[in-house]
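The following note sets out numbered points on the structure shown below. Each point takes up one element or one group of residues.

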Amino acid sequence: MENLKWSTEGRVATVTITRPPANALSSGLISELASVLDQVETNDEVRVILIHGEGKFFSAGADIKEFTTIKGEGFTNLSENGQNVFERMESFPKPIIAAIHGAALGGGLELAMACHIRLVTENAKLGLPELQLGLIPGFAGTQRLPRYVGTARAAEMMITSEPITGLEAVQCGLANHAYPEEQLLENAYILAKKMANKSPVSVKATLNLLNYAKTGQFYEGVKKEAQLFGEVFVSEDAKEGITAFLEKRKPDFKGK
């Protein structure tokens, strides 16, 4: 891979964006990310993905230079390809954590918003500045940002093109936690390992159900919850979890 590197430690797969200095998102990087998802999804040993950027930034945006090589419908295709990969991330059966330092701007923030969890440094910059180039977000940023910060705040952020800090991102619901930069990855791994110890069966079901909540499909989600509750309850992991609770020990979930 030319734009990413990834490795596993225990049950956590770490994906690093390696396109310094800006770690700009290109079509090649997005294709490589899809390839990583393919490999992780079929790897039963990996239960959580952690994404971060090499160097000074998480990702400062899309690859503007690549735009000069695209013509006509190529821009629509670029947008749809990115949207498809990010939608797959959002619906992925294993938790994906974004550890954001420096900046997550434009496509970088759209990538982070497709993850299930966002951890940031206190002084990180997060925003969608495409309008200052006469463009608009193209990887579903106009749809995901309002989910987290509300339509009014999203309109302000996009139309003014002004980023917010990591601390502000936590305050408005865009990020989960903010840390000093030197503590970001340490805390990201602590969270990833904590999630990796849970039952893959119940984690997958929970992530599935969260997709209904994100789209406002309350009654469909409630109906699906009842179905999955029944399916999860008869799993081997549920039996192990209940037995471990009664025996006052930590459960050893197998994902079955």
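Contact here means heavy atoms within 4.5 Å. The model under review is predicted.

1. Helix α5 and its surroundings. Helix α5 contains the buried residues Gly141, Arg144, Leu145, Pro146, Tyr148 and Val149. Against which elements do the buried residues of α5 pack? Their partners are α3, α4 (107–113), β6 and α6 (151–160). After α5 comes Gly150, with a positive phi near 90 degrees.

2. The pair α3 and α5. The axes of helix α3 (residues 74–90) and helix α5 (residues 141–149) lie 12 Å apart, and the two helices pack at an angle of about 35 degrees. On the α3 side the contact is made by Phe86, Glu87 and Glu90, which meet Arg144, Arg147 and Tyr148 of α5. By class, the residues of this contact comprise four charged, two nonpolar and no polar. An α-helix has 3.6 residues a turn, so residues three or four places apart point the same way.

3. The six-stranded sheet. An open sheet is built from six strands in the order β1-β2-β3-β4-β6-β9, with mixed pairing. Its edges are β1 (4–9) and β9 (177–179), each of which pairs on one side only. On average, and with direction ignored, neighbouring strands in this sheet are turned by 20 degrees against each other. In general, strands of a sheet pair through backbone hydrogen bonds, in either the parallel or the antiparallel sense.

4. Pairing within that sheet. Strands β1 and β2 are antiparallel and share six bridges; Lys5 has Thr16 as its bridge partner in β2. Strand β2 (residues 12–17) runs parallel to β3, to which six bridges join it, and here Val12 is bridged to Val48 of β3. On to strand β4 (residues 96–100), β3 again pairs in the parallel sense, over four bridges. Leu50 has its bridge partner in β4 at Ile97.

5. Strand β3. How many of the residues of strand β3 (residues 48–53) are buried? Six of its six residues are, and the strand is described as mostly covered. Val48, Leu50 and His52 point one way from β3, while Ile49, Ile51 and Gly53 point the other way; all of them are buried. Strand β3 also belongs to a right-handed β-α-β unit, together with β2 and α1.

6. Val40 in helix α1. Val40 is located in helix α1 (residues 27–41). Is Val40 buried or exposed? Val40 counts as buried because its relative accessibility is 0%, against a limit of under 20%. Leaving aside residues up to four places away in sequence, Val40 touches Trp6, Ala13, Val46, Ile49, Phe92 and Lys94. The C-alpha atoms of Val40 and Leu207 are 16 Å apart in space, and the two residues are 167 apart in sequence.

7. Thr121 in strand β6. Thr121 lies in strand β6 (residues 117–121). Its relative accessible area is 0%, and therefore Thr121 is buried. Beyond residues up to four places away in sequence, Thr121 touches Ile100, His101, Gly102, Gly166, Tyr179, Glu181 and Leu184.

8. The three-stranded sheet. A further open sheet has three strands in the order β5-β7-β8, and its pairing is mixed. Strands β5 (103–105) and β8 (164–165) stand at the edges with a single partner strand each, so one side of each has no neighbour in the sheet. Strand β5 runs parallel to strand β7 (residues 125–127), and three bridges join them. In β7, Gly127 is the bridge partner of Leu105.

9. Cysteines. How many disulfides does the model contain? The count is zero, on the criterion of sulfur atoms within 2.5 Å. Cys115 is in no disulfide, and its nearest cysteine sulfur, that of Cys172, is 17 Å away. Cys172 is likewise in no disulfide, with the sulfur of Cys115 as the nearest, at 17 Å. Cys115 is buried because its relative accessible area is 1%, and Cys172 counts as buried because its relative accessibility is 16%.

Methods: Residues numbered from 1 in each chain as written. Predicted model: local features only at pLDDT ≥ 70, side-chain atom pairs only at ≥ 80, totals over all residues. Heavy atoms only, no water. Buried < 20%, exposed > 50% of the residue type's maximum accessible area, 1.4 Å probe, protein only. Pairing = 2+ DSSP bridges. Right-handed = clockwise from strand over helix to strand, strands pointing away. Axes fitted to C-alpha atoms, helices over the stretch in contact; angles between N-to-C directions. Nonpolar A, V, L, I, M, F, W, Y, C, P; charged D, E, K, R; others polar.
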